[in-house]
Each structure stands twice: as structure tokens, then as C-alpha cells.
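Have the sequence and the 3D view open beside you.

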Amino acid sequence: MHHLSGEQVAQIKNLLLEMRQKILSSAQEQIKDPSNIAFEGGDEIDRANIETERYINLQRLKTRELKLLRKIDYALYKIEVGTYGICEGCGVEIPFERLMARPVTTLCINCKELEEEGEHE
């Protein structure tokens, strides 16, 4: 983390905390949203289809948000222990610009490209 200034680390940490709060607030709003519960019109089959579709969409959203929350918490942990911004693939310093664009990243651009190439094979 020596390649990042204290100000840069603080900026990234604030960004991560904002992302985390946004996800948690969004999840609370979805839980409170009465449209997730109330149905108007249609027969029982229509309502069942709507309920199933809403459930599936909420599950997808919940899964994506949970993954992102874990990545955010991991990045915050790495900041605390002083290992943030170091590629877990090759050990090089990840540039500040990449960290700002994707603050939860754990790989430099080269390792990320290699990872994605491996996924397509």
C-alpha cells in the first residue's frame, strides 16, 4: 500500500463505505416496499406468476448485492491490514486509477485479463 498516499487511501475507503451504505439502504427499501407484497387485479395464476417473478428478481439482486458487500468488506479489511492495492495474482501495485474505477478489485489489469481469458476457454 506504499504506492498510495494517505489521502488516496482515505478517498478509496470513503468510496467503499458509500458503496456499502448504498447497498444496505437499497436492501432496506426493497424490504419496506409495499409493491413487493400487494397485488392488484388479475386472477390467482397471474398473481402467482407475478409473485414468482418478483421473488426470482429479488433473489438475483440479493445474491449480487451480497457478493458485492463481501468484496467491499474484504477491501476494507485489506485497507486496515495494509495490503490493499496489491495484486493477489502477481504482487504488483495496482494503480490508483484502477482502484478508483473498481475499488473492490484484487487483481491488476494483466492478471484480470488472464483470469477472463481462462473463463472463456
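This is a predicted model: local features need pLDDT of at least 70, side-chain atom pairs count only at pLDDT 80 or more; totals for chains, interfaces and linings use all residues.

The second largest pocket holds about 200 Å³ of space. A pocket here is an open set of points on a 1 Å grid over the protein atoms alone, with protein on both sides within 12 Å along at least five of seven lines, whereas a cavity is a set where a 1.4 Å probe fits but cannot get out; lining residues have an atom within 4 Å of a point. For the volume, grid points are joined across faces, edges and corners, and the space filled by probe spheres set on them is what counts. Among the lining residues are Lys 71, Tyr 74, Arg 98, Arg 102, Lys 112 and Glu 115.

Residues are numbered from 1 along each chain as its sequence is written, and side-chain values use heavy atoms, with hydrogens and water left out.

Zooming out, the protein has four helices and zero strands, so the order from the N terminus is α-α-α-α, with helices (H or I, at least four residues) and strands (E, at least two) taken as DSSP runs numbered from the N terminus. Of the 121 residues, 21% count as buried. Buried means under 20% relative accessible area, exposed over 50%, and partly exposed in between, with a 1.4 Å probe and protein chains only.

Now for the charged pairs. There are four salt bridges, each being a side-chain nitrogen of Lys or Arg within 4 Å of a carboxyl oxygen of Asp or Glu. Here are some of them:

| Pair | N to O distance |
|---|---|
| Lys 13 and Glu 80 | 2.8 Å |
| Arg 20 and Asp 73 | 2.6 Å |
| Glu 88 and Lys 78 | 2.7 Å |

With Lys 13 in helix H1 (residues 6-32) and Glu 80 in helix H2, their bridge ties together parts that are 67 residues apart in sequence. Lys 13 is partly exposed at 28%, and Glu 80 is exposed at 55%. Glu 88, in the loop between H2 and H3, pairs with Lys 78 in helix H2, 10 residues apart in sequence. Which end of that pair is buried? Lys 78 is, with a relative accessible area of 8%; Glu 88 is partly exposed at 43%.

What about disulfides? A search of the whole structure finds zero, counting a pair of cysteine sulfur atoms within 2.5 Å as one. The sulfur of Cys 87 is 3.6 Å from its closest cysteine sulfur, in Cys 111, which is too far for a bond. Cys 108 is in no disulfide either, and the nearest cysteine sulfur, again that of Cys 111, is 3.7 Å away. Cys 87 is buried at 4%, and Cys 108 is buried at 7%.

Finally, the loop between H2 and helix H3 (96-101) contains Gly 91, which is partly exposed at 45% relative accessibility. The C-alpha atoms of Gly 91 and Leu 107 are separated by 8.8 Å, with the two 16 residues apart along the chain.
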